[in-house]
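Q: I have a structure open that I have not looked at before. Could you walk me through it?

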Amino acid sequence: MKRKLFVPIVITLITILVVGMLFWGLHSYVTDQNFHTTDYALRNVIDLQASAIYNGYFAWTSLYDTVLQGDLAKAATLVEDVKENFPLIDSLEFERGLPPEGRFAITLDGELLRIEYPIWNDNGTARVPDTFAVAVIQVRRLLEIVSPHEFKLDIAHGRRASYGIPLSPSLPFFNLWNISGIVLVSILIAWLILQRYARRKDFFLDTRGLESIIYLFEQTEKFSASHSRNVAIFALFLGKKLGFRGRRLRNLYVAALLHDIGKIGVPTSIITKTGKLDAKEYAQMKQHPVISARILRGFKEFEHLSNIVLHHHEREDGSGYPDGLRGKDIPLESKIIAVVDVFEALVGERPYRNPIHPMYAFEKMRQMPLDQRIVGILIDHYEELRTFRSPRWVLSYSPWVIAAQGPSVWIQ
Ligand SMILES: [Fe+2]
């Protein structure tokens, strides 16, 4: 029981971790976007306020003359309505000192934004040389307007926005939405992965079960043991050469492994007969691809392979069985199995004859109505096939018997 739970628990934990990281990435992205939006709004509001106040009060000859005469009390009355007109302004005062260049200068002082204004006359030709005005805005209030909930001032750890204003998001990652989202998405993904895992396990076990039946059956018949296993490995090799990948390659392998399972439905006396079959016996023998297809159709996992095994005895010129299909009408997978089936039968050891050397087998196959492109690929890559090692997903106890026996049998 504990072992059964191990894989689902590991899959679920990994899924939660990955989904959590994805959510974290998403959260960081959204936070970053919000930061830029808030910063943009903040800068615009500050610049607009500063600019509007400048145009309203500090390019004004009356104020210029008053300040130049040193009457700051009167100057203060001239600008007293600035707080009414600009509610964000906390205070506006005059200070002695060198005024900033241009229209205004903005600096941050703790949580206060200082906007320093030189005082110009109307046409901007003269400036008070030793006095300037300072408008103060509370950044916290400004922030409430541009970002009501998500951002707060954080002098110590905040990320610097415009004018050095330190901002940090106040939206925590571990909130109800994120946690519920992570849990729900993780459960959904883990469930899908576990379903797939269970299906693959079923597929593997069913394949192994059927393959075992064939293996045991082959021990009793005239053909060499492991014929189907060898055919499957050869088909896998050729499939790869033909560009098969992933699921298609696995399907080819399993179809090749199970292609002759229908022989269990043919009388043993016909299977084991070493002499020529009579017409009735041959007709029965020709039923085995049909029976193979019927058996595979009985398994949900193998249903889609039934058409491949049904046609593994078809020939290019239509002389094959069960349907006498011609060239282009035969599924490519069936053609591959047909080629390797013939090859394995020729070079494999049989009780009634020695194995044929592959070079003679190729000569024979060149004369047969097989797909000659596939035969050519087999011939061209034969040396490679002899050292071919199947991928790890191939059933672990399917030996390539010919690879192990080949050299000692053929090269004498
Ligand atoms: Fe067959």
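Predicted model: local features only at pLDDT ≥ 70, side-chain atom pairs only at ≥ 80, totals over all residues.

Q: OK, surface to begin with: which residues gather in a patch of positive charge?
A: The patch of positive charge on the surface brings together Arg-196, Arg-199, Arg-200, Arg-247 and Lys-300.

Q: And which helix gives the most to that positive patch?
A: That is helix α6, which covers residues 176–220 and contributes three residues to the patch. Arg-247, another member of the patch, has its place in helix α8, residues 246–258.

Q: Is Arg-247 buried or exposed?
A: Arg-247 has a relative accessible area of 59%, and because the cut-off for exposed is over 50%, Arg-247 counts as exposed.

Q: What about nonpolar residues, which ones form a patch on the surface?
A: The nonpolar patch is formed by Phe-6, Val-10, Ile-14, Leu-17, Val-18, Met-21 and Leu-22, and together they have about 710 Å² of accessible area. Leu-22 sits in helix α1, residues 2–57, and is exposed, with a relative accessible area of 58%.

Q: Changing topic, which residues are buried in helix α2?
A: In helix α2, which spans residues 61–68, the residues Leu-63, Tyr-64, Thr-66 and Val-67 are buried. Looking down the axis of α2, these buried residues fall within an arc of 170°, so they line one face of the helix.

Q: Why would residues a few places apart point the same way?
A: An α-helix has 3.6 residues a turn, so residues three or four places apart point the same way.

Q: What comes just after α2?
A: Just after α2 there is Gly-70, which takes a positive phi of about 85°.

Q: Now α5, which of its residues are buried?
A: The buried residues of helix α5, residues 139–146, are Val-139, Leu-142, Leu-143 and Val-146. They cover an arc of only 100° around the axis, and therefore they lie on the same side of α5.

Q: Then which residues are exposed on the other side of α5?
A: Glu-144 and Ile-145 are the exposed residues on the other side of α5.

Q: On to salt bridges, how many does the count come to?
A: The count comes to twelve salt bridges. One of them joins the side chains of Lys-241 and Glu-384, with a distance of 2.6 Å from N to O. Lys-241 belongs to helix α7, residues 227–241, while Glu-384 belongs to helix α16, residues 382–386, so this pair ties together parts that are 143 residues apart in sequence.

Q: How accessible are Lys-241 and Glu-384?
A: Lys-241 counts as partly exposed at 33% relative accessibility, and Glu-384 also counts as partly exposed, at 38%.

Q: What about Asp-260, which residue does it form a salt bridge with?
A: Asp-260 forms a salt bridge with Lys-263, and their closest N and O atoms are 3.3 Å apart. Both Asp-260 and Lys-263 are buried.

Q: And Glu-316, which side chain does it meet in a salt bridge?
A: Glu-316 meets Lys-335 in a salt bridge, at 3.5 Å from N to O. This pair links distant parts of the chain, with Glu-316 in the loop between α12 and α13 and Lys-335 in helix α13, 19 residues apart. Glu-316 is partly exposed, with a relative accessible area of 25%, whereas Lys-335 is buried, with a relative accessible area of 11%.

Technical notes
Residues numbered from 1 in each chain as written. Heavy atoms only, no water. Patch = residues over 30% accessible without salt bridge, like charges linked within 9 Å, V, L, I, M, F, W, Y side chains within 5 Å. Areas by Shrake-Rupley, 256 points an atom, 1.4 Å probe, with all protein chains shown as cover. Salt bridge = Lys/Arg side-chain N within 4 Å of Asp/Glu carboxyl O. Lys, Arg positive; Asp, Glu negative; His and termini not counted. Charge placed at Lys NZ, Arg CZ, Asp CG, Glu CD. Helix = DSSP H or I, 4+ residues; strand = E, 2+ residues; numbered from the N terminus. Buried < 20%, exposed > 50% of the residue type's maximum accessible area, 1.4 Å probe, protein only. Arc of directions from axis to C-beta.
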